[in-house]
Amino acid sequence: MTVEIDEHSGFCFGVVNAIRKAEQELERGELYCIGDIVHNDLEVRRLEEKGLRTIEHGEFAGLRDCRVLFRAHGEPPESYRTARENGVEVIDASCPVVLDLQRRIREAYEAVSAEEGQVVIYGKRGHAEVVGLVGQTGGKAVVVEKEEDLEQVDFGRKVVLFSQTTQNLEGFRRIAEWMRERGGERVVVHDTICRKVANRIPQLKEFAGRHDVVIFVSGEKSSNGRQLFSVCKEVNPRSYFVQEAADVTAEMTAGAESVGISGATSTPRRVMEEIQRKIERQ
């Protein structure tokens, strides 16, 4: 049996940067992080053992004179204001791609407001990145996930569409087409999906198709992981979603001559390597 790890899987640049900053800052002492630094429980636990304290926004508002890491997903403007007012030192690990998107949305909102237009964001409502994006518009942006959500949009006005960086490219194109059908030239579309995620789909289809079994490694909370696993499952029915080596059983790989191991952008390489070693020992 051959066991191959997908070379395109694992942490994206934004996650690598956030974890590196957290590890560096933890050497200086106590450090807080708003929300899980990455949607992977194993990695969160590893960093918490080093002293990282995961909090929610409600707790953040009550902190004074300490250090808080803003993770790769980015934060809304009010988080920065709260930090300044409370003497909190911000360790900003926001992904550069997300920061650029925040700037573009902020500028588009300022411009379109003069025409009483709307900013629309294709994304998962309540997702950390989307919260930060909506914050650039003072909470006025409309978040859409499916066609029915377009009822919130006034197509009699100018509409500017953006996307959460980790959304599905095909889904974004469908939303854009539906919006153009309703609003015509009043709809301006900006494809802001990160190609680190979007380009993985055709590559992952090829990877899943050339193995008898695919072990897909991801945290349960990762929307990116669920999306990519569904791609694997569609191509290869013998695809299994696991979080760690303990989840992998001999039955999963029984009779297989080749096994592929892949993961989300929030999956540590070391976990995939542990799974590879376990399968090779079975």
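Four strands line up as an open sheet in the order 1-12-10-11, with parallel pairing. (Strands are DSSP runs of E with at least two residues, helices are runs of H or I with at least four residues, and both are numbered from the N terminus; two strands pair if DSSP finds at least two bridges between them.) Strand 1 (2–5) and strand 11 (239–242) sit at the edges with a single partner strand each, so one side of each has no neighbour in the sheet. From one strand to the next, the twist averages 20 degrees; angles run from 0 to 180 degrees between N-to-C directions, with axes fitted as lines to C-alpha atoms, for helices over the stretch in contact.

All of this comes from a predicted model, where local features need pLDDT of at least 70, side-chain atom pairs count only at pLDDT 80 or more, and totals for chains, interfaces and linings use all residues. Residues are numbered from 1 along each chain as its sequence is written, and side-chain values use heavy atoms, leaving out hydrogens and water.

Within this sheet, strand 10 (residues 213–217) and strand 11 pair in the parallel sense over four bridges, and Val214 stands opposite Ser239 in strand 11. Helix 10 packs on the sheet and touches strand 10, strand 11 and strand 12 (258–263), its direction making about 160 degrees with that of strand 11; contact here means heavy atoms within 4.5 Å.

Another open sheet of four strands has the order 7-6-8-9, again with parallel pairing. Its edges are strand 7 (142–144) and strand 9 (187–189), each with a single partner strand, so one side of each is left without a neighbour in the sheet. Here the twist averages 25 degrees from one strand to the next. Strand 6 and strand 8 (residues 159–163) run parallel and are joined by five bridges, with Gln118 opposite Val159 in strand 8. Helix 7 lies across strand 6, strand 7, strand 8 and strand 9, at about 175 degrees to strand 8.
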